[in-house]
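Hello,

Here is the structure I promised to send over. My notes on it follow below.

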Amino acid sequence: MINLSILLLIPLATALLVLICSTAAQIRMVALLGSVAQLGYSSLIMLDYMSQRAAGNKAQMLYESRHSWFSSLNIEYYVGADGISVAMIMLTAVVVMTGILISWNVEKMAKEFFFLIVLLSLGAYGFFISLDLFTMFFFLEVAVIPKFLLIGIWGSGKKEYSAMKLALMLMGGSALVLIGFLFLYFNTNTGSGAHTFDLLKIVQMHIPVAAQQFIFPLMFVGFGVFTAMFPFHTWAPDGHSSAPTAASMFLAGISMKLGGYGCLRVAAYLMPEAAHQYSWVIILLSTIAIIYGAFATLMQTDLKYINAYSSVSHCGFVIFGIGMLTKTAITGAVLQMVSHGLMTALFFAAIGMIYERTHTRQVAQLGGLLKAIPFIITVFVIAGLCSLGLPGLSGFVAEMTVFVGAWQHPDTFYRTATVLACASIVVTAVYILRAVGASGMGPVKNDEFLKFSDASWNEKLASVALLICILAIGIAPFWLNNLVSPDTQLIMDNITRVVGVN
Amino acid sequence: MLGTSLIILIPFLPIISFLLISLVGRKNFPSFCGVLGTLSVLGSFVLSATVAYDYFFVVGKVGDAYQQMVPLKINWLQFAPNVSIDLGIMLDPISVMMLVVVTLVSLMVHFYSLGYMKGEERYATFYSYLGLFTFSMLGLVLSSNIFQIYMFWELVGVSSYLLIGYYFEKPSAVSAAKKAFIVTRFADLGFLIGILILSYYSGTLDFQTMIQRLTMQTNELHTITAASFMGASALAWGLVLVFIGGAGKSAMFPLHIWLPDAMEGPTPVSALIHAATMVVAGVFLVARLFPVFSGCPAALDIVMWVGVSSSLIAAIIACTQTDIKRVLAYSTMSQIGYMMFSLGTARYGGENGLGYMASMFHLFTHAMFKALLFLGAGSVIHYVHSNEMKDMGGLRKLMPVTHFTFLIACLAIAGIPPFAGFFSKEEILQSAYHANKVIFGLAILTAAITAFYMFRLYFNIFWNKPLPHKESAHDAHGAADAHDAHHGEGPATMLIPLVILGLLSVAVGFIPFNRLVTSDGKALATEFHMTFSIAPVLLATLGIFIALAFYKKESAVPQKMADSLSALYRGSYNKFYIDEIYLFVTKKILFPFVGRPAAWFDRNVVDGFMNMLASVTAHISALIKGLQSGKVQQYAAYFFAGAVGFVLIFIYWWT
């Protein structure tokens, strides 16, 4: 029998064990084992989930469990999972494990480092399985604070500035989310005049449209900050570029998805009328993010900035898919979350491996690396190809689902936005191939490069794990699609129920 | 009929070879990888030939028409009810024909490369990429779903990228690879949106259903497709956008700029990808959707005019290029233009489908002689170590086999009977003649120019200079060179494909395409008009004689001609400055006026606002922090001032 709380207990136990370990070798081994155990349990959940669905279990959420937390305000610890949550849990488990592998050689304050990484993952798991808004907010906060320390202590470049900026902006975002949650709470009514944070109960109630119109923007912007929605994205480039590799992987791979998940699960699901009314704003902002992020990437010279801006563009697709309010587009948004999470983690991992050897991320100072470190550059190229949407890799599946879904919206404005979003794939190809060509190919820029050793076992293992996931989604997308699409259908049904078909 | 599992093996053998080589072979048995790749493609070829035989002569024909068969369809990604990407296999005359073309040319190239690429550092990698390409191309031609074709379309694009950039330490190769990918990606954007439009109106992505629904006249769908945007119907928009994708891959003007640069790749790659298979994908795509195109004459007119203008422009440019591979590249573009406009002159069904049949026929014959030309050029380059005409000349004695087969290919492409190109070109010209006299005129002019530039190439390589620079060439090679000192031919692995393709360039013209590959699957009666053939053949012969006069011996005549036609010559030599226009748009407009402002705006305005928020907060806090000084006297003063203030307020305002 699956118990979702174990998902929280494993990281908690790992974190505590890390604290009592003494040597760096013990610490990282404990962290790795913990993350492997977590990946194992997540896989078990996924398999069990799929078999239960296949057996005809129609409950909206499986593995529900609840405990009263603060009963006078009806705050509960309430968790459960649907297909979307399961997909996000798997994503988190893979990224955390590979992140720990990549950070194998962290010597500086290893205990604190791995403790914080594990703590971050705890926040993410909790967030993805929460069905109580208060629980959800609690875990959202848990997933913010460690980032400040990770960047501030283990970062590079102007790390204090970046850490501060990232933490403040994300805090601002979560403050908006909190206000939104509270307003929502006070607009609920369980019949006896009491309010509730219970997500599944709220969706059954009808939140007054006037309230929705006020709350929705708060929440959408709040979560939007997390997912680096234009114009609240500027924490991302600085934050990513200063962060240590594992933190970058976590930030872009998981943290940005917290926002997308929140926009979908809370904002769009609980406030369908407002989602419908504001969808043009969402589309406008996300289209800007997609195009403008792509063009801004074109001008970057630092590999991490390239990937950070390209993440702004790619995460734009998540918001774009949600804003289109068609079932296919929303499914595409979820696929994009998973795909982008894996791909960007791989990308940051590759950049980290390059940086560790060359000590520079400036494209102009690199060149010909394919000859020196073929494995790492091959990984880098594959991540790039995934980013530009090559079929057979996960990016293609996600983007095409978003495009096909978006095109189902027959309005001219939405069509134009879709064409513009499609156009970004050309710009993506330009910046990816420029980065890949300039750093990996061409004559060997510096003879020092030839002395580098290629990927070590932990780096290889991390890359291969991520590659396998990317390929699995790219080659056999139907399993992920089948996993999430009944639940995106539910969300969509909820929207069409109140606003009709657009 | 072969079982489905064996048909699946056709594309899968090459991908297995790709996986084996790249995961295991590259490290463990690099020198065996070439043989492994060749064997896998040999398997695919044998299976394809069997399928072709079965399809054309045993099971394909039901009644009087060849049928479309879909022996396999796997639901791969379900977007919405009825809208899904299904990976499948579709057999019909054009896909079966393409199977043969792709596996045959690929086999020749694999075999040839055993000699040509021998000793290369990344020999195994080369073969793995070839396997990836062959897989993708076969998947493309077998597609039963328009999104499937788009997927493999992208995959051939990336294999082409990898192979053009094979010599990745050469900056020119890297930038050529990048250019090829980006230009075709730009065109693919059109393709993608075209797919979205067509699938939206037909409610499916499946080729058969889509074609059926989009060609139904009575269906209400037809009125929906008439919904217009900017003066053209949605159907026309969809088809034109799809065609843009095809034009990009097939290097049609003005999206052709990547093809000449793509010659940076190893020559066998040029023969396979950039002459015989990938570049005709655009033609194949139009042919695949031909029934729909046929219902939309406006779209077919665009296909026709783009085709004929590409054909002519490329032929003119080819006359002045000095890099032999670039001449061949432009010649490819010109011949594909031929296939395109031939499709544009045709309509679905019966006699009207002549152009369709001719186009497919030309695609087939062209694949043979153009692959031969490239492989022949490869032999020459292998020997002289240069792509430039000026380094060649008088090679006929040194390379008799190459010389002879190259001559056959030149005659074939020039359209001299009884070589293959003659037959297919005749059909195309006939179709053009019936459809549009202007097109016919331009086509026949192009045919004459083609004969001229091909023989300019031929004479410059094999004649022109009195005796070859044998010694110098060998000096360049060094003593350890593996070549026979007496002649410059490569090893047998390189000669056998030349001979096979040479024979085919004669033989395939006699295949009765009119009975096998037609627009509606039914046999098409074609007549051979002797009188019609006289003019094109005469013109081609004239072209050959001019080339003979100019280039057989070194002479000053070509230079004089160039001087007297100076403007045209310079325009052609500089490829009509089309590259420069693109460079101008990207480097001088997009980058400085879109990219840089976006990056600047982001750093200074958007982020500047965030920083300003922070600094304003800090500023305010700095302003008011003096209030919290911790000094009791100061607090007492505030307290006193506040008390006085309240007193005053209560006395004067509070009433």
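Start with the interface. Chain B puts 36 residues into the contact and chain A puts in 39. Two residues count as in contact if their C-beta atoms, placed from the backbone, lie within 7 Å. On the side of chain B that touches chain A, the elements giving two or more residues are strand 3 (69-80), helix 5 (146-164), helix 6 (171-202) and helix 26 (578-625) of chain B. Helix 6 of chain B has the largest share, twelve residues. By class, this side of chain B holds 25 nonpolar, four polar and seven charged residues. (Nonpolar means Ala, Val, Leu, Ile, Met, Phe, Trp, Tyr, Cys and Pro; charged means Asp, Glu, Lys and Arg; the others, Gly among them, are polar.)

Please keep in mind that this is a predicted model: local features need pLDDT of at least 70, side-chain atom pairs count only at pLDDT 80 or more, and totals for chains, interfaces and linings use all residues. Residues are numbered from 1 along each chain as its sequence is written, while chains are lettered from A and ligands numbered from 1 in the order in which they are written.

Now chain A. It has 21 helices and two strands. These are DSSP runs, numbered from the N terminus: helices are H or I with at least four residues, strands E with at least two. Of the 502 residues in chain A, 63% are buried, meaning that 20 or more other C-beta atoms lie within 10 Å of the residue's own, with C-beta atoms placed from the backbone. Along the principal axes, the C-alpha atoms of chain A fill a box of roughly 75 × 55 × 45 Å.

Chain A splits into domain 1 (1-271) and domain 2 (278-502). The bounds come from an automatic or database domain assignment. The C-alpha centres of the two domains of chain A are 21 Å apart. Between them, 42 residues of domain 1 of chain A touch 45 residues of domain 2 of chain A. On the domain 1 side, helix 11 of chain A gives the most, 14 residues. That side has 28 nonpolar, twelve polar and two charged residues.

One helix pair in chain B is also worth a look. The axes of helix 16 (residues 354-384) and helix 17 (residues 400-414) of chain B come within 9 Å and cross at roughly 145°. Axes are lines fitted to C-alpha atoms, for helices over the stretch in contact, and angles run from 0 to 180 degrees between N-to-C directions. This contact has eight nonpolar, four polar and no charged residues.

Best wishes

Definitions and conventions. Buried ≥ 20, exposed ≤ 12 C-beta atoms within 10 Å, placed from the backbone.
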